[in-house]
Amino acid sequence: MNFADRLMEKVDEKRSHVCVGLDPRLDQIPTEITDKAVAEYGTTLEAVYHSILEFNQGIIDAVADYAPIVKPQMAFYEQYGHWGVKAFEKTVAYAKESGLLIINDAKRNDIGSTAQAYADGHLGSPKFWDEQKLESNSDSLTVTPYLGSDGINPFVETCSDYDKGIFVLVKTSNPSSHELQDLESEGVKIYEKIAQLVSKWGEEVIGKRGYSAVGAVVGATYPEEAAKLREIMKNSYFLVPGYGAQGGTAADVIPAFNGDGYGAIINSSRGIIFAYQQDRYSDDYQEAAREAIIEMREAINQALAKAGKISW
Ligand SMILES: O=c1ccn([C@@H]2O[C@H](COP(=O)(O)O)[C@@H](O)[C@H]2O)c(=O)[nH]1
């Protein structure tokens, strides 16, 4: 089944447009977890691995009933070398077993032939001499459009072959995103030009419900731009980071949705996984994550209903 159809099925099942970002900052993981790992493995990378995995599994258990999808940010894993990559792989496998879809936020791309290797490794199946198959558990990947079509085509083909998805960086949530993305050429902003390309790249991988396996990253911190982009990329699912910790609100993310009440998946990482550090939530990290995701889910669903964009 096409990635967008799979995502929408999960969105309907959980009645939720929330994506939980799994960005495990070691110094914010509860000390009961890290102390236990250090007692057993010392101050080693193996202790880092066990800390991250136990924390992530606890978060996944807490949010699985309320989230269709999770987004581990590769940087927080890769920084610890092979122990970090192992923590990433085990986290992804656990999320999958828990019935969640996965966005691998690794922001990859390169020239076409190298992009193919990224696509094989992160979404498809890399070829090697063993009969055994190595298939990625990630359902989707974030990619940069900077190299143009020959960098994107291998990903789109892999999405088609393996029913996977990509989210192309279009208008990112960070304060300096305007430095390049808002530049104008022939009266069109760069992010608008990328959006036109995203729409074109996705034409051949549109699912039964009208959405493409080629999606776009559009920050919650830029609602006016999101409204313009929604018009350009009518068939693309938006991954919307920037909710909560970066200042984005439920009202800010509504322009990212289509009139049908679908088309956007809203990410919060720190706001959910480290909610236990905020006074208004429980001191227990799992209970706090559950409280935060329920609150976010309700805020978005209510804002959608208020805007007449009714998903259910
Ligand atoms: O434009 C972008 C693209 C990606 N991100 C990533 O999303 C999360 C946001 O984390 P919060 O804690 O909810 O702020 C993080 O992994 C970023 O690398 C983004 O923020 N903006």
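How many bridges join β4 to β5, and do these strands run parallel or antiparallel? β4 and β5 run parallel and are joined by 4 bridges. The model is a predicted one, in which local features need pLDDT of at least 70, side-chain atom pairs count only at pLDDT 80 or more, and totals for chains, interfaces and linings use all residues. Residues are numbered from 1 along each chain as its sequence is written.

**Barrel**

- Eight strands close into a barrel in the order β1-β2-β3-β4-β5-β8-β9-β10, with parallel pairing. The twist from one strand to the next averages 30°.
- Strands (E, at least two residues) and helices (H or I, at least four) are DSSP runs, numbered from the N terminus. Two strands pair if DSSP finds at least two bridges between them.

**From β3 to β8**

- Strand β3 (residues 101-108) pairs with strand β4 (residues 140-143) in the parallel sense over 3 bridges. Asparagine 104 is opposite leucine 141 in β4.
- Helix α7 (residues 149-162) packs on the sheet and touches β4, β5 (165-171) and β8, with its direction making about 145° with that of β5. Contact requires C-beta atoms, placed from the backbone, within 7 Å. Axes are lines fitted to C-alpha atoms, for helices over the stretch in contact, and angles run from 0 to 180 degrees between N-to-C directions.
- All of β5 is covered, 7 of its 7 residues being buried. A residue is buried if 20 or more other C-beta atoms lie within 10 Å of its own, exposed if 12 or fewer, and partly exposed in between, with C-beta atoms placed from the backbone.
- Valine 143 is opposite valine 168 in β5. The chain passes from β4 through α7 to β5 in a right-handed β-α-β crossover. Right-handed means that, with the strands pointing away from the viewer, the path from the first strand over the helix to the second runs clockwise.
- On to β8, β5 is joined by 5 bridges in a parallel arrangement. Leucine 169 is opposite valine 217 in β8.

- In strand β9 (residues 236-240), 5 of 5 residues are buried. Ser236, Phe238 and Val240 point one way, and Tyr237 and Leu239 point the other way. In a regular strand the side chains alternate between the two faces of the sheet.
- Strand β8 (residues 212-218) runs parallel to β9 and is joined to it by 3 bridges. The bridge partner of serine 212 in β9 is serine 236.
- Together, β8, helix α10 (residues 223-232) and β9 make a right-handed β-α-β unit.
- β9 is also joined by 3 bridges to strand β10 (residues 264-268), again in parallel. Valine 240 has isoleucine 266 in β10 as its bridge partner.

**Ligand shell**

- The ligand is surrounded by 19 residues, the closest being Gln73, Thr172, Pro241, Ser269 and Arg270. A residue is near a molecule if its C-beta atom, placed from the backbone, lies within 6 Å of it.
- β10 and α12 (270-273) each supply at least two residues of this shell.
- The shell divides into 3 nonpolar, 13 polar and 3 charged residues. Ala, Val, Leu, Ile, Met, Phe, Trp, Tyr, Cys and Pro count as nonpolar, Asp, Glu, Lys and Arg as charged, and the others, Gly among them, as polar.

**Positive phi angles**

- Most residues other than glycine have a negative phi.
- Arginine 15 has a positive phi of about 50°. Arginine 15 is in the loop between α1 (3-14) and β1 (18-22), and is exposed because 12 other C-beta atoms lie within 10 Å.
- Lysine 107 has a positive phi near 45°. Lysine 107 belongs to strand β3 and is partly exposed, with 16 other C-beta atoms within 10 Å.

**Loop residues**

- Tryptophan 129 is in the loop between α6 (112-122) and β4. With 5 other C-beta atoms within 10 Å, tryptophan 129 is exposed. Tryptophan 129 and glycine 58 are 71 residues apart in sequence and 37 Å apart in space, C-alpha to C-alpha.
- Asparagine 258 is in the loop between α11 (250-253) and β10. Asparagine 258 counts as partly exposed, with 18 C-beta neighbours inside 10 Å.
- Not counting residues up to four places away in sequence, asparagine 258 touches Arg230, Lys234 and Gly263. From asparagine 258 to methionine 233 the separation is 25 residues in sequence and 10.0 Å in space, C-alpha to C-alpha.

Definitions and conventions
Contact = placed C-beta atoms within 7 Å.
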